[in-house]
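Me: I'd like to learn how to read backbone and packing features in a model. Could you walk me through a few?

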Amino acid sequence: LDAVPIDLHGGQHDSVLQVDFLDYAHEYCAGKDLAVAKSEGKAKKEKDANGHRDESSLSPSPPQPFDAIVMSLVLNFQGDPRKRGDMLALASDSRILKSSSSEDQVSSSNRISKGGGMLFVVLPSASLDNSRYCDLERFIEVTTNPLFQLELVEKKRSSKLTLLAFRRTFKASRQQEIEDEEDTTNKYSGQQQRAMEKSSGKKHMREQNAHCYDVDKKEFDYGNHEMKRLQPPKPGAKRNNFAVILKSCHNRTPKEAN
């Protein structure tokens, strides 16, 4: 099992990378794995200490999407509901979490091991049960919005913990299907090269548009899929304010952006 454990405050074991998930995911989307960089830096220091110098200048290959991401008791420690939504957006990003293809057929008997990458979320049940602005149904609704391309695979609840398993799935829109049909037709109409270029360009645009996060601008854009707190709020004076919000950066106030 090739795992990358990260923690905001580090850990007792040297393998735990001390980093904010938002920062780690940003670098990963930009093509840099901070865990690999840390390992290579440590190896270089050891070589330098032993008098060995590596003069090779091989460019590292871009990091590959993970088969699974586990967010265990992470979202509830993030105080900003907008950043909770951003974390889910990055965790489901195809640059970080493996996508499924249209050929993947997931049977009900083996619904976890097949298909796209898995996102596992663990939350205190009290965060959902006692919240004014969120409940389990609302959390699932936010996480399975069309932009993230996630579907709920399994859920388990106890009095203390709520465990949710999501899988990244493939859902082509009708417009995409029409464009693919046009590309296939053009391929055999004497314009094969142009059709291939057109198809490649469209697929690239789809891939770019499918990402909620712009690495260069460091901004999230949820378009028409923004989601607010649960309204009306659940009554009760002793409830907490746990919520998950999807709000584009250009719609946030300066205070919210910070």
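Reply: Happy to; we will go through a helix, a sheet and some backbone angles. This is a predicted model, where local features need pLDDT of at least 70, side-chain atom pairs count only at pLDDT 80 or more, and totals for chains, interfaces and linings use all residues. Residues are numbered from 1 along each chain as its sequence is written, and side-chain values use heavy atoms, with hydrogens and water left out.

Me: Which residues of helix H1 are buried?

Reply: First the terms: helices (H or I, at least four residues) and strands (E, at least two) are DSSP runs, numbered from the N terminus. Buried means under 20% relative accessible area, exposed over 50%, and partly exposed in between (1.4 Å probe, protein chains only). In H1, the buried residues are Phe21, Leu22, Tyr24, Ala25, His26, Tyr28 and Cys29. Because 7 of the 9 residues of H1 (21-29) are buried, the helix is largely enclosed by the rest of the structure.

Me: What takes a positive phi just after H1?

Reply: Gly31 does, with a phi of about 100°.

Me: In what order do the 4 strands of the open sheet stand?

Reply: Two strands pair if DSSP finds at least two bridges between them. Here the order is E3-E4-E6-E5, with mixed pairing. E3 and E5 are at the edges with a single partner strand each, so one side of each has no neighbour in the sheet. On average, neighbouring strands are turned by 15° against each other, direction ignored; axes are lines fitted to C-alpha atoms, for helices over the stretch in contact, and angles run from 0 to 180 degrees between N-to-C directions.

Me: How many bridges join E5 and E6?

Reply: The antiparallel pairing of E5 with E6 (residues 161-168) runs over 7 bridges. Within it, Lys156 stands opposite Leu163 in E6.

Me: How should I read phi and omega?

Reply: Most residues other than glycine have a negative phi, and most peptide bonds are trans. Leu73 has a positive phi of about 50° without being a glycine; its place is the loop between E3 (68-72) and H3 (81-91). At 34% relative accessibility, Leu73 is partly exposed. Gln149, also not a glycine, has a positive phi near 55° and lies in the loop between H5 (136-143) and E5 (150-157). With a relative accessible area of 23%, Gln149 is partly exposed.

Me: Where is the cis peptide bond?

Reply: The bond from Gln231 to Pro232 is cis, with omega near -5°. Pro232 sits in the loop between E8 (219-220) and H8 (254-257).
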